[in-house]
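Subject: Structure handover and findings

Dear colleague,

Please find the structure below.

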Amino acid sequence: MRRMWFVIVALMLLAWPAAHAVQPDEIMSDPAKEARARDLSRELRCMVCQNQSIDDSDAPLARDLRLLVRERIAAGDSNSQVLDFLVARYGEFVLLKPRFERQTMLLWLLAPLLLVGGGLALWLQIRRRARSGADLPAPPLSPDEKARLAALISDDAKSS
């Protein structure tokens with residue numbers, strides 16, 4: 001039974017990359033142009049789903065965008081011209097991976113800056129703790145503290 005589930009999961013994983021939302025009537029007759037269209041479709045965000053490429057989305061708007069990409073490729077546009085056209089029409093949000101520009105600089109640099117800042121804060125905290133002696137072992141218990149601890153332990157053992 002376990003082997004059968006393994007085979008089913010393996011087949012699903014193998015078939016997953018081929019399961020795109022591109023309909024047969026959208027496919028271009030020239031394989032090179034179709035490959036370009038697929039590559040571009042993977043870079044464009046579905047405006048309905050927002051977390052999928054238009055290549056993977058079944059939304060009607062994604063279909064329209066796939067057709068528009070193929071139309072622009074058939075008209076002779078380069079990949080950058082197609083992307084520029086779609087960005088001019090829908091804004092930078094249509095790109096799954098935004099370009100590194102002045103407007104998107106914070107988006108690109110925020111994660112590395114947070115990582116460096118967190119590392120710096122951790123390093124400063126470790127240095128501060130080492131200077132204050134917080135890592136030193138606690139002094140041994142006094143005889144009074146030992147007797148009190150023994151009394152607490154024996155009271156706890158009696159109540160259990």
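In what follows, buried means under 20% relative accessible area, exposed over 50%, and partly exposed in between (1.4 Å probe, protein chains only). This is a predicted model, in which local features need pLDDT of at least 70 and side-chain atom pairs count only at pLDDT 80 or more, while totals for chains, interfaces and linings use all residues. Residues are numbered from 1 along each chain as its sequence is written, and side-chain values use heavy atoms, with hydrogens and water left out.

Overall architecture

The protein has six helices and zero strands; helices (H or I, at least four residues) and strands (E, at least two) are DSSP runs, numbered from the N terminus. Of its 160 residues, 21% are buried.

Helix 3

The expected span of a helix is 1.5 Å times one less than its number of residues. For the 15 residues of helix 3 (residues 60-74) this gives 21 Å, in agreement with the 21 Å between its end C-alpha atoms. Its buried residues are Ala 62, Leu 65, Arg 66, Leu 68, Val 69, Arg 70 and Ile 73. Their cover includes helix 2 (31-43) and helix 4 (79-90). After helix 3 comes Gly 76, with a positive phi near 100°.

Salt bridges

A salt bridge is a side-chain nitrogen of Lys or Arg within 4 Å of a carboxyl oxygen of Asp or Glu, and the structure holds seven of them. Arg 70 pairs in this way with Glu 34, their closest N and O atoms being 2.8 Å apart. This pair links distant parts of the chain, with Arg 70 in helix 3 and Glu 34 in helix 2, 36 residues apart. Both Arg 70 and Glu 34 are buried. Glu 34 also forms a salt bridge with Arg 38, at 3.3 Å between the closest N and O atoms; these two residues both lie in helix 2, four residues apart, about one turn of the helix.

Asp 77 forms a salt bridge with Arg 72, with 2.7 Å between the closest N and O atoms. Asp 77 counts as buried because its relative accessibility is 14%, whereas Arg 72, at 25%, is partly exposed. Salt bridges that share partners join Glu 34, Arg 38, Asp 39, Arg 42, Asp 55 and Arg 70 into one network.

Residues 105-124

An unreviewed UniProt entry annotates residues 105-124 as "transmembrane region"; such annotations may be inferred rather than shown by experiment, and positions are given in the numbering used here, with feature names shortened. In the model this stretch is 100% helix and 0% strand, and its end C-alpha atoms are 27 Å apart. Leu 107, in helix 5 (residues 105-132), counts as exposed because its relative accessibility is 58%.

Yours sincerely

Terms used
Contact means heavy atoms within 4.5 Å.
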